[in-house]
Amino acid sequence: MPTKLLKWSWLAASAALLLAATAQAQITSYDERDRLNTDSHIGKYTGHATNAKEDYRRYCVGCHGELGDGNGEVAQWLDPKPRDFTLGIFKCRSTPTGTLPTDEDLFNTIARGLDRSNMPVWNTFTKQQRADLVAWVKHFSPRFQKEKPGTPIEIPAEPEVTPERVKAGQDVFARVQCWKCHGVEGMANGPSASTLTDDLSRPILPYNFTDGSRPKCGSTDQDIYRIFMTGLDGTPMPSFSDNIKPEEAWDLVFYLRTLQPHNTFNLKERQIAKQLGLKPVNPNAPAQ
Ligand code: HEC
Ligand code: HEC
């Protein structure tokens with residue numbers, strides 16, 4: 001290589017190194033100490049961030065990392081990746097899309113774990129430990145200093161399941177095109193399924209209603225309602241609160257139950273689907 005070029009490439013290389021060093025410095029100089037007084041409030045429990053330091057070191061740091069940025073030692077082997085807490089973006093929320101979760105949302109998430117991921121079910125902590133961990137998780141993101149959590153969406157009382165409601169739910173499923181990702185039979189094989197990526201450009205699959213796995217953010221009727229009305233932030237799973245009315249949302253929950261494998265919690269919906277001779281929605285039907 002001519003010396004002149006060599007010199008330039010050396011310069012470029014050191015500039016790149018310098019840039020990398022600055023980026024590194026930005027992460028490590030992040031002023032965690034300002035936020036160590038973060039707390040959480042869940043019912044009668046008040047959590048204090050600093051009280052969770054030990055538990056976090058012991059149980060969470062290997063995946064979520066010292067700085068909460070999701071870069072723990074084992075993160076490279078995991079898919080999906082551990083959450084980067086510094087972003088303040090969470091899948092499981094009772095609050096509208098784009099807003100922060102409530103303390104209770106995080107509290108419930110930690111105990112529930114996230115199915116189809118390496119995030120374990122943490123059912124050995126006391127409630128106090130869990131409340132402290134919530135405060136610790138929050139302290140990693142400046143968002144919690146600047147913003148309040150969103151107001152949880154209202155969920156009307158669950159109506160009685162009827163054949164009309166199951167059919168109406170199927171119409172909603174067709175109209176708002178859940179099937180584009182989840183597939184007409186809920187098997188996660190819709191036309192868009194293979195193209196989906198999360199907000200950090202990593203491939204992600206839609207939920208498969210038929211494989212018996214648990215939805216990440218809870219499996220009760222209320223949880224399912226909440227999932228599609230608030231969306232899973234950071235993923236292509238959107239919020240449908242602008243497209244689906246509250247009564248219709250219950251219809252849709254009942255229809256989704258007909259897609260799930262035989263179980264005791266959805267016997268009634270499946271029986272109705274059978275009686276109605278319900279066929280999967282037609283993806284080629286003209287848009288309504
Ligand atoms: C073995 C790895 C692993 C360990 C240990 C672990 N997590 Fe996670 N965690 C994950 C992964 C992976 C995700 C993302 C899962 C996904 O996006 O589906 C996650 C996500 C989360 C989320 C975000 C949930 C949401 O709604 O987006 C929280 C909060 C969380 N973990 C808290 C904790 C806490 C607190 C601990 C320690 C008590 C812990 N995690 C330990 C792997 C781990
Ligand atoms: C643009 C694609 C897309 C559309 C449209 C879509 N989803 Fe999803 N959905 C996803 C993805 C991706 C996930 C998985 C997210 C994850 O694993 O973190 C998901 C997950 C879910 C889950 C399970 C969440 C969990 O916690 O595991 C439910 C329930 C769900 N979707 C229902 C619906 C319903 C009902 C509709 C229509 C009203 C719909 N989805 C439309 C992409 C989509």
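Predicted model: local features only at pLDDT ≥ 70, side-chain atom pairs only at ≥ 80, totals over all residues.
Good morning, colleagues. Let me begin with the overall layout. The chain contains ten helices and two strands. Following the sequence, these elements come in the order α-β-β-α-α-α-α-α-α-α-α-α. The chain has 288 residues, and 31% of them count as buried. Considering contacts in the chain with a separation of 6 or more, 63% are between residues 24 or more positions apart.

I turn now to the interior. In soluble globular proteins, nonpolar side chains tend to be buried together. In this model, the largest nonpolar core has 30 residues, and the members that touch the most others are Leu-252, Val-253 and Leu-256. Which elements give two or more residues to this core? They are helix 6 (163–175), helix 7 (179–182), helix 8 (221–230), helix 9 (246–259) and helix 10 (267–276). Of these, helix 9 gives the most, namely eight residues. The core also draws on two domains, taking at least three residues from each of domain 1 (34–146) and domain 2 (163–276).

Next, I would ask you to look at helix 8 and helix 9. How do these two helices pack? Their axes lie 10 Å apart, at an angle of about 115°. Helix 8 is therefore roughly perpendicular to helix 9. The crossing in which helix 8 passes helix 9 is right-handed. As for the residues that meet, helix 8 brings Asp-221, Ile-224, Tyr-225 and Met-229, while helix 9 brings Ala-249, Trp-250, Val-253 and Leu-256. Val-253 deserves a separate word: setting aside neighbours within four places in sequence, this residue is in contact with Asp-221, Ile-224 and Tyr-225.

Finally, I come to a residue in another part of the chain, Glu-54, which is found in helix 2 (residues 53–64). Is Glu-54 buried or exposed? Glu-54 counts as exposed, because 11 C-beta neighbours lie inside 10 Å, and the cut-off for an exposed residue is 12 or fewer. In sequence, Glu-54 and Leu-133 are 79 residues apart, yet in space the distance between them is 9.8 Å, C-alpha to C-alpha.

That concludes my remarks. Thank you for your attention.

Key. Residues numbered from 1 in each chain as written. Chains lettered and ligands numbered in written order. Core = buried A, V, L, I, M, F, W, Y, C linked by C-beta atoms within 7 Å. Buried ≥ 20, exposed ≤ 12 C-beta atoms within 10 Å, placed from the backbone. Helix = DSSP H or I, 4+ residues; strand = E, 2+ residues; numbered from the N terminus. Domains from an automatic or database assignment. Contact = placed C-beta atoms within 7 Å. Axes fitted to C-alpha atoms, helices over the stretch in contact; angles between N-to-C directions. Parallel < 35°, antiparallel > 145°, perpendicular 65-115°, else oblique. Left-handed = near helix turned anticlockwise from the far one by under 90°.
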